[in-house]
Amino acid sequence: MLDFLRRYSREQLDSRRMDERRGFQLSLIPDLANAGLLGLQIPERYQGRELSHSDTVKVMRQAGAIDCNLLILLAVHNTLGVPPIQHFAGEDVRSAVLPELAQGRRLVTSAVSEQSMGSHVRAITSRATKQSDGSYILNGDKQWISLGADANFINVFARLTDENGQDAGITGFLVDTASPGFVRGPEVVTLGLKAVPQNSLSLDNLRVPAESLLGEEGSGPLVAKTAFTRGRLVLATGALGAAMRALELAQRFARRREVATGNLAENGRIQQIIAESVAAVQAVETLIEHIADLLDSGRQVPEPFYFAVKILGCELMWQVVDRCLQLLGARGFVDTNVVGQFYRDYRLFRIFEGSTEAITVYLGSTILKHPQQFFSIFDDFDVDPKLAEHVSRIDKLTTTTTTGGQQRHILASQIGELACWAIMSVLTADGRNRSAMYSHTASWSEQQLVDKLRIAEDSRPFVELPTVEELARHIGEFELTIGNVEQRRPGTQHDLDLLLRRG
Ligand SMILES: Cc1cc2nc3c(=O)[nH]c(=O)nc-3n(C[C@H](O)[C@H](O)[C@H](O)COP(=O)(O)OP(=O)(O)OC[C@H]3O[C@@H](n4cnc5c(N)ncnc54)[C@H](O)[C@@H]3O)c2cc1C
């Protein structure tokens, strides 16, 4: 598969064209399907490739190094779409649907987000109503759904009302998009990832049979979480591939470029930037491989590891892409030099499947509630005394007194971020003796933790912030300086003329 992807990238894929034309090239889906890439972890008995997690990570890293659109197509189908069916649908549905997905005859995606909620899954407003014959009627609107207009199946999450009219909680349903009542909405025009369509969707009295249930009634958050946790690992892995490719290009350029101080790569500041970027890549790679190993060996992955990989993986790898773009100078800003497209495409990763701020605050809040539960994850490691001391400083910070909700959010965010760096430092320290580069990576990770600890400790007591009203008033007055510049020109008309439509 890796060979296929590399050859495909060199000989057939046209990322520029897909980006400019906002769509996949025609041959892409059948070609990926023929190479087995649409059934990565589907068991062989359902005609999939049954790859291990470690092998899946290699495929996703490779795809990420080639093109973010390609990566997201694979990730949405294989990681968000397939697992809820594979692990939570009944056998009849599995044996009917999984071979179709594995062979790429059909695509699947997942619909959680709505107009009024994206990060906050429990606020879903789409409704499912259980009928006396056991079927369910779905109603509601979903937004930002990748492949939404093209997928044949969608895992839809909705709030269920049972046959007694009682709230039965968020529940997952497998929806065949050929069902009456499935309405495709318009595609949004995104900043990057332009070949992957994102649509709004409506469910208008859409009836699904009892067998379409994914998991039990009310178990939607668990079903969604199964997909999201794996999705977070895969997003970080794709971003890792992109960071590697961006560094490869930046390194080539730096070695060939002469600037005022001599060779660019030999300028100390540039060497430092490249070394930090390489350390970030190696640290994220270590965390990804550790999680994949745990999954393959059937061991429990501590939940904070998934948060750490999403938060640090997506933040750091995008930062590496940004730094490489900067290093390339004007060439970085030229859209045909790959890194610029990565910069636009991978920016999304800090937002979706749990935006950095939302999940950092969430992670920190859970640690503040049960600190010892979090700190016990280090019991499995031989943590050296210096690192253990840093970790105990985080523990001490969890006892900070806060006044008001805002201060609690700030504290939770600090603790969440520190927790990620503690995980990263402990994991990289474990491999310190592997090589000189690895030793640098371990020291770099520890330094990041120490720097963040110092900032958090120095921020006590918390600085009083302007009130929300003061901020709104101040920003509202910007209009006095910049005027009202909202553009009112009518946009492009895409709909069929009224007089040409079916009556
Ligand atoms: C290109 C693209 C593809 C997508 N594909 C899919 C898909 O296939 N399926 C699907 O279901 N959804 C999809 N989404 C939706 C995506 O998952 C949501 O946009 C994302 O979860 C963020 O939700 P939101 O936009 O409602 O942001 P909001 O929840 O409104 O958050 C806005 C910002 O507020 C901050 N914030 C939010 N919550 C907190 C918090 N608790 N603490 C502190 N700060 C916070 C963060 O900075 C966040 O970025 C996609 C989105 C995009 C842009």
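## Helix pair H15 and H16

A crossing of two helices is called left-handed if the near helix is turned anticlockwise from the far one by less than a right angle. In this predicted model, H15 passes H16 in such a left-handed crossing.

Helix H15 spans residues 405-430 and helix H16 residues 436-458; their axes lie 9 Å apart and form an angle of about 160°. Since angles over 145 degrees count as roughly antiparallel, H15 and H16 are therefore roughly antiparallel to each other. The contact between them involves residues of H15 including Leu-418, Trp-421 and Met-424, and residues of H16 including Tyr-438, Trp-444 and Leu-449.

## Strand pairing around E7

Strand E7 (residues 198-208) runs antiparallel to strand E3 (residues 136-146), and 8 bridges join the two. E7 also runs antiparallel to strand E6 (residues 182-187), to which 4 bridges join it.

## Strands E1 and E4

Strand E1 (residues 108-111) points Val-108 and Ser-110 one way and Thr-109 and Ala-111 the other way, and all are buried. E1 runs parallel to strand E4 (residues 153-161), with 4 bridges joining them. Within this pairing, Val-108 stands opposite Phe-153 in E4.

## Annotated N-terminal region

An unreviewed UniProt entry lists residues 5-104 as "domain: Acyl-CoA dehydrogenase/oxidase N-terminal". Over residues 5-104 the chain is 68% helix and 0% strand. The end C-alpha atoms of residues 5-104 are 16 Å apart.

Note on methods. Residues numbered from 1 in each chain as written. Predicted model: local features only at pLDDT ≥ 70, side-chain atom pairs only at ≥ 80, totals over all residues. Heavy atoms only, no water. Pairing = 2+ DSSP bridges. Buried < 20%, exposed > 50% of the residue type's maximum accessible area, 1.4 Å probe, protein only. UniProt positions renumbered as here; feature names shortened; annotations may be inferred. Axes fitted to C-alpha atoms, helices over the stretch in contact; angles between N-to-C directions. Parallel < 35°, antiparallel > 145°, perpendicular 65-115°, else oblique. Contact = heavy atoms within 4.5 Å.
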